[in-house]
Amino acid sequence: MSSLTISDVTKRFGSVEVLKGISLRIESGEFLVLVGPSGCGKSTLLNLIAGLETITSGEIKIGDRVVNNVRPKDRDIAMVFQSYALYPNMNVRQNIAFGLETRKVSKPQIQATIQRVAGMLQIHELLDRKPSQLSGGQRQRVAMGRALARDPAIFLFDEPLSNLDAKLRVEMRTEIKLLHKRIDTTIVYVTHDQIEAMTLADRIAIMKDGIIQQFDTPQAVYDNPANLFTAGFIGSPSMNFIPCQVTRPNTQTGVALDTGNGKSYFLPLERSGLELDAWVNHEVILGIRPEKISHGFVEQEASHHIHEIESTVEVLEPTGPDTLVFVHINATEVTCRVNPGHIKAPGETMKLMMDTSNALLFNPETGERI
Amino acid sequence: MPDKSPATAMYQTPGAIFGRVVIYAILIIAAIYFLIPLFVMVITSIKTMADIRTGQLISWPREVTLDAWKEAWATACIGVKCAGIKGYFWNSVKMVIPSVAISTLVGAANGYVLSMWRFRGSDTFFSCLLLGCFIPFQVILLPMASTLGRLGIAQSIAGLVLVHVVYGLAFTTLFFRNFYVTIPADLVKAAKIDGAGFFRIFWKIILPVSTPIFVVSIIWQMTQIWNDFLFGVAFSGSDSQPVTVALNNLVNTSTGVVKYNVDMAAAIIAGLPTLCVYIVAGKYFLRGLTAGAVKG
């Protein structure tokens, strides 16, 4: 159990700068998820924490100890790999024992550890099998067992669920979360799957192009994305981005919407005013999540954030509990989440309610929040 | 017959049957073609000289005798010494075992470093090493002779071992390196985090999964070194000649009559070890050659 502090870390491979000044800190026992598209540097960052790569500049601290020049084996970490990386020539028991034997742990203590880990992950009956005789889920379990055996200060997970099928992935996700509750150890977890990130993390670091775009709790990242990238990355289906112009036809400031067929609307935005007033008659990007455009909301009579628009249904995508309705607003495709009982057929005009209470505005040039 | 699948139906057409017959006929002819020399050698080696003089090349022996084998092994004259190829056979064994063992082990270590502990310039290093596969034997005869002389191991088995190890390393390194790049790098990362160092990872993780490529390397090196004639004739002394050189000398030593049965027996003895290795380990050889070609 240990905190992890990363200060201004950069990493170059030749002339390519993969990480451009990463700083973050998590407390002991926290679950940190590094998430981002492939090539964003998240796996490199994990390898730096593990000591499998050396950092170009900056500082990594585990607890109060600077580990920049400490070898992986002396960093008191354990890692679970995407490919499981079980030693193919050893059975499960030997796989779990290998790290302990290397560290010259006594035989009876190794036996006790194997029993403890096997009990925790329910892999007793697998102990004498070779990795090739295990299914994907079992291999994943054993790989976690091997990490658990060492009782490290920090666990590192490198996309551990990517090789599993969809159903197993959800099961293992829950299991990892339960495991974290039970052992209460600091975890750094790399994934490209934003749902995994949302469900598992205490805190999420969203990365792109070697820079942390946002570092916050899952709900905060969802509700208050820092820029266009994080807004679009987190959430499924992803947030709608509608280019529109800020206008001030009367005392209210808002944006102009055109839903086709000559129908145009004014959408007032309740903001403290000043910073938005500077944007009057300029183009901005309105960000609004699909669940905020629907056939209606329970509190719509009372709320002054909810506004009615009409548009032509283009495509329907049923998901079961909701149906995704695609319409065009300002010549941009917009996804709306509608109860299946209220949908209209493609080609028909449909009344939609837009809840602007959580609507966001972005600067179209920089992608930053306004 | 609507319930028959198209494949079965096709199998039974006269054309398909005729095709099968042709294929088998060609295969049988090819097998006979390749086996006849061996057959002639074996039956000649168990004939008496009288039988050979009067009979046909491929006729069955009138009297089966192992005298020619005994003579080839223990009493045939090679140059002025009449002690058979026995001593030379053991020379070859003494040369092959250390050469194969050393070149294979060092090749494994090279391959391990070049695939899993890459260093600056390791790819260039590997390309240079590969050039070694294309250097003809003749080119290095003179420089190698002078090197062996300076090292004080000219005309000895130790010298031959050195030559074969150096020459074999390019091949063994290539084998092992290409095998190890198919092993996931995560395995080494996991072992590093588990606290294992360079040698512990090599012994405990990498070597145990290397059996197929070891078999390939051993068969390849064993065949190359056992069958080598040029280095054997150039770098050996009179008491360190390998069996290939002795066989040549035996056949060329004329004391009146050419003893075909003894020559044949000696040739078979000289070829037997490589034959045995193929029979024992041949299936691993094929498996090893194709390992990594197909995933799984």
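Modeller: The model is a predicted one, and the domain assignment of chain A gives residues 4-233 to domain 1 and residues 240-362 to domain 2. Where these two domains touch, domain 1 of chain A contributes 5 residues and domain 2 of chain A contributes 6 residues. On the domain 1 side of that contact, helix H8 (residues 228-233) of chain A has the largest share, with 3 residues. By class, this side of domain 1 of chain A holds 2 nonpolar, 2 polar and 1 charged residues.

How many helices and how many strands does chain B have? There are 14 helices and 0 strands in chain B, and its pattern along the sequence reads α-α-α-α-α-α-α-α-α-α-α-α-α-α. Chain B is more spread out than a compact globule, because its radius of gyration is 25 Å, well over the 19 Å that the globule rule gives for 296 residues. Along its principal axes, the C-alpha trace of chain B spans about 80 × 75 × 30 Å. Of the 296 residues in chain B, 34% count as buried. Contacts in chain B can also be considered by separation along the sequence: among those between residues at least 6 apart, 75% join residues at least 24 apart.

We now come to the meeting of the two chains. The contact takes 14 residues from chain B and 17 residues from chain A. On the chain B side, helix H9 (185-193) and helix H10 (198-206) each supply at least two residues. Which helix gives the most to this side of chain B? H9(B) does, with 6 residues. The side of chain B that touches chain A is made up, by class, of 8 nonpolar, 1 polar and 5 charged residues.

Ser57(A) belongs to strand S4 (residues 57-62) of chain A. Is Ser57(A) buried or exposed? Ser57(A) is exposed, because 12 other C-beta atoms lie within 10 Å, and a residue counts as exposed at 12 or fewer. Ser57(A) and Gly21(A) are 36 residues apart in sequence, and their C-alpha atoms are 8.5 Å apart in space.

Notes:
Residues numbered from 1 in each chain as written. Chains lettered and ligands numbered in written order. Predicted model: local features only at pLDDT ≥ 70, side-chain atom pairs only at ≥ 80, totals over all residues. Helix = DSSP H or I, 4+ residues; strand = E, 2+ residues; numbered from the N terminus. Buried ≥ 20, exposed ≤ 12 C-beta atoms within 10 Å, placed from the backbone. Domains from an automatic or database assignment. Contact = placed C-beta atoms within 7 Å. Nonpolar A, V, L, I, M, F, W, Y, C, P; charged D, E, K, R; others polar. Rg over C-alpha atoms; globule rule 2.2 N^0.38 Å.
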